[in-house]
Amino acid sequence: AQQIMKQALLMRYSLIPFWYTLHHQATMQSRTILQSLFAEYLDDENTFSIDQQFLVGRALLVSPNLLPQSDVVHAYIPKDVWYEFPSGVKLNSVGQFVDLHAPITKLNVHVRGGFIIPMQIPGDNLVLGRGNPFTLLVAQSDAGTASGNLFWDDGDSIGIVVQFFFPSYL
């Protein structure tokens, strides 16, 4: 159980720059941090009644296993480009319901194409982690492009917002 919790926390803490950025956007632009699939896919009737999946920002799709003694999640993958997190494997079944393998050791998270997710190697705590290297997870759209933002908070100075663009060279 400790290893399962440790893996979940490491994933969460590696996404701290993404979370900070979402909180900054929520404060400055009145955006939501978590939202239903319906809020993002208004024209997709399949999303209207989904209450067991959610989006973190507009880029991460979370499909948790909420059923006891089950290792399968019946999840809807909206019609878009999606990649498994953290493996980067592109999903082929989009715009439909799929059964995802979901043992207690796995949290189904997918990254939406067209987005850049800022990440950081976690430290023992947030203060110590600030000095660790950053990485950018680039999830290309069908057109081969991606963009994202980073709100940098070093703990001392006023925050800086950085924008990333990954242009297509096709």
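Student: Which residues make the nonpolar surface patch?

Tutor: Leu-9, Tyr-13 and Leu-126 make it, with an area of about 250 Å². Patch residues have over 30% relative accessible area and no salt bridge; like charges are joined within 9 Å, nonpolar side chains (Val, Leu, Ile, Met, Phe, Trp, Tyr) within 5 Å. Areas come from the Shrake-Rupley method with a 1.4 Å probe, and for residues only the protein chains shown count as cover.

Student: What are the ground rules here?

Tutor: This is a predicted model: local features need pLDDT of at least 70, side-chain atom pairs count only at pLDDT 80 or more, and totals for chains, interfaces and linings use all residues. Residues are numbered from 1 along each chain as its sequence is written, and side-chain values use heavy atoms, with hydrogens and water left out.

Student: Where is Leu-126 found?

Tutor: In helix 4, residues 126-129. Helices (H or I, at least four residues) and strands (E, at least two) are DSSP runs, numbered from the N terminus. Leu-126 has a relative accessible area of 38%, so it is partly exposed. The cut-offs: buried is under 20%, exposed is over 50%, partly exposed is in between (1.4 Å probe, protein chains only).

Student: Switching to charges. How many salt bridges does a search of the whole structure find?

Tutor: It finds 3. The criterion is a side-chain nitrogen of Lys or Arg within 4 Å of a carboxyl oxygen of Asp or Glu.

Student: What does Arg-58 meet in a salt bridge?

Tutor: Glu-40, at 2.9 Å, N to O. Arg-58 is in the loop between strand 2 and strand 3 (60-63), Glu-40 in helix 3, and they are 18 residues apart. Glu-40 is buried at 18%, while Arg-58 is partly exposed at 41%.

Student: And which other residue forms a salt bridge with Glu-40?

Tutor: Arg-112, with the closest N and O atoms 2.9 Å apart. Glu-40 is in helix 3 and Arg-112 in strand 7, so this pair ties together parts 72 residues apart in sequence. Arg-112 is buried, at 9% relative accessibility.

Student: What about Asp-80, which side chain does it meet?

Tutor: Arg-112 again, at 2.8 Å, N to O. Asp-80 lies in the loop between strand 4 and strand 5, so the pair ties together parts 32 residues apart in sequence. Asp-80 is partly exposed at 25%. Through shared partners, Glu-40, Arg-58, Asp-80 and Arg-112 form one network.

Student: Last topic: how many aromatic pairs does a search find?

Tutor: The whole structure has 3. Rings of Phe, Tyr and Trp (its six-membered ring) pair if their centres lie within 6.5 Å; planes under 30 degrees apart are stacked, over 60 edge-to-face, the rest tilted. Phe-38 and Phe-48 have centres 5.2 Å apart and planes at 90°, so that pair is edge-to-face.
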